[in-house]
Amino acid sequence: DALLARLVAQAEATLAASGVADPGLDFCWLTCGSDGRKEQFLRTDQDTALIYDDPPPERAEKAAVYFQWLAAEVTRGLTSCGFAPCSGGNMASNPHWCQPGSVWGSHVHDWVRVPDEQALLNAAVFFDFRAAYGSTALAGNLREQITREFGRDRTGLILLAKNALRAPSPTGLRRHLELERHGAHKGRFDLKLKAIKPFTDAVRVLALDRGLHATGTLDRLT
């Protein structure tokens, strides 16, 4: 988080030096996935997003340009520090993940209320977000909207629960660990896929069902 704060400050200075005007809007850098849960091991890939206050209509385009440039600068900085870009593009440098609060509200509504199971599963990593830099109020408002949407329609929770139950079993019929049978990791146990992910997925569903704002797995359980 300290590194992120430094990179944001440098990005803001770079944009100012380039003549890109700051729109004067509050924003929040969100970190998601294992980093959002504070459960990352060493360096993880980047799962990030950026939310900012809704600008007046006449300033919307300039605000979008500014924050997309800011997100791109910070993402480059994280990459240069050894944090690999997300292979799925779930980063603030992706315009889809760098939006004002109203657009983020539309994203959440579509994920929860529109029956597109794959879109919801792709967004599951986002539900572990936390505010890593900037306005925590923006992150809190978004979390409250997520709680309201799941409270109105439980279809999304059912789909997430079904997905959690699809996780491969860590043990076989003889209760021995299921090791990888093929590929470069043959003979090894996939701790993340077969032990950590099923647990975090299940606890995430519980947290969303109860309207909890905590993101860490242990925090959600306590």
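**Figure 1. Charges and overall form of the protein chain.** The mean positions of the 26 positive and 26 negative charges of the protein chain lie 9 Å apart. Lys and Arg count as positive and Asp and Glu as negative, while His and the chain ends are not counted; each charge is placed at NZ of Lys, CZ of Arg, CG of Asp or CD of Glu. The model is predicted: local features need pLDDT of at least 70 and side-chain atom pairs count only at pLDDT 80 or more, whereas totals for chains, interfaces and linings use all residues. Residues are numbered from 1 along each chain as its sequence is written, and side-chain values use heavy atoms, with hydrogens and water left out.

The protein chain has 9 helices and 4 strands, in the order α-β-α-β-α-β-α-α-β-α-α-α-α along the sequence. Its radius of gyration is 19 Å, close to the 17 Å that the globule rule gives for 222 residues, so the chain is as compact as a globular protein of that length. Helices (H or I, at least four residues) and strands (E, at least two) are DSSP runs, numbered from the N terminus. The radius of gyration is taken over C-alpha atoms, and the globule rule is 2.2 Å times the number of residues to the power 0.38. Along the principal axes, the C-alpha atoms fill a box of roughly 65 × 40 × 30 Å.

**Figure 2. Surface and contacts of the protein chain.** Of the 222 residues, 41% count as buried, where buried means under 20% relative accessible area, exposed over 50%, and partly exposed in between (1.4 Å probe, protein chains only). Among contacts with a separation of 6 or more, 69% are between residues 24 or more positions apart; a contact means heavy atoms within 4.5 Å.

Figure 3. Thr31 belongs to strand 1 (residues 27-31) and counts as buried, at 4% relative accessibility. Its side chain makes a polar contact of 2.6 Å with the side chain of Asp35. A polar contact is a pair of N or O atoms within 3.5 Å; within protein, one must be able to donate a hydrogen and the other to accept it, and residues adjacent in sequence count only if both atoms are side-chain atoms. Beyond neighbours within four places in sequence, Thr31 is in contact with Gly36, Asp47, Thr48, Asp128, Phe129, Arg130 and Ala132. Asp53 is 22 residues from Thr31 along the chain, and their C-alpha atoms are separated by 18 Å.

Figure 4. Gly36 is in helix 2 and is buried, with a relative accessible area of 0%. Not counting residues up to four places away in sequence, Gly36 touches Thr31, Asp128, Arg130 and Thr215. Gly36 and Phe127 are 91 residues apart in sequence, with 8.9 Å from C-alpha to C-alpha. Lys38 lies in the loop between helix 2 (33-36) and strand 2 (48-52) and is exposed, with a relative accessible area of 61%. Phi of Lys38 is near 60°, a positive value in a residue other than glycine. Most residues other than glycine have a negative phi.

Figure 5. Gln99 sits in strand 3 (residues 98-100) and counts as buried at 18% relative accessibility. A polar atom of its side chain lies 2.8 Å from the backbone oxygen of Pro95. With residues up to four places away in sequence not counted, Gln99 touches Leu50, Ile51, Tyr52, Trp104 and His107.

Figure 6. Arg220 is part of helix 9 (residues 217-221) and counts as buried, at 5% relative accessibility. Its side chain reaches the backbone oxygen of Phe127 at 3.5 Å, and a polar atom of that side chain lies 3.5 Å from the backbone oxygen of Thr215. Apart from neighbours within four places in sequence, the residues in contact with Arg220 include Arg37, Asp128, Val203 and Leu212.

**Figure 7. Close-up of Asp1.** Asp1 is in the segment before helix 1 (2-17). The side chains of Asp1 and Arg130 are joined by a polar contact of 3.0 Å. Leaving out residues up to four places away in sequence, Asp1 touches Arg130 and Ala132. Asp1 and Tyr133 are 132 residues apart in sequence and 7.5 Å apart in space, C-alpha to C-alpha.
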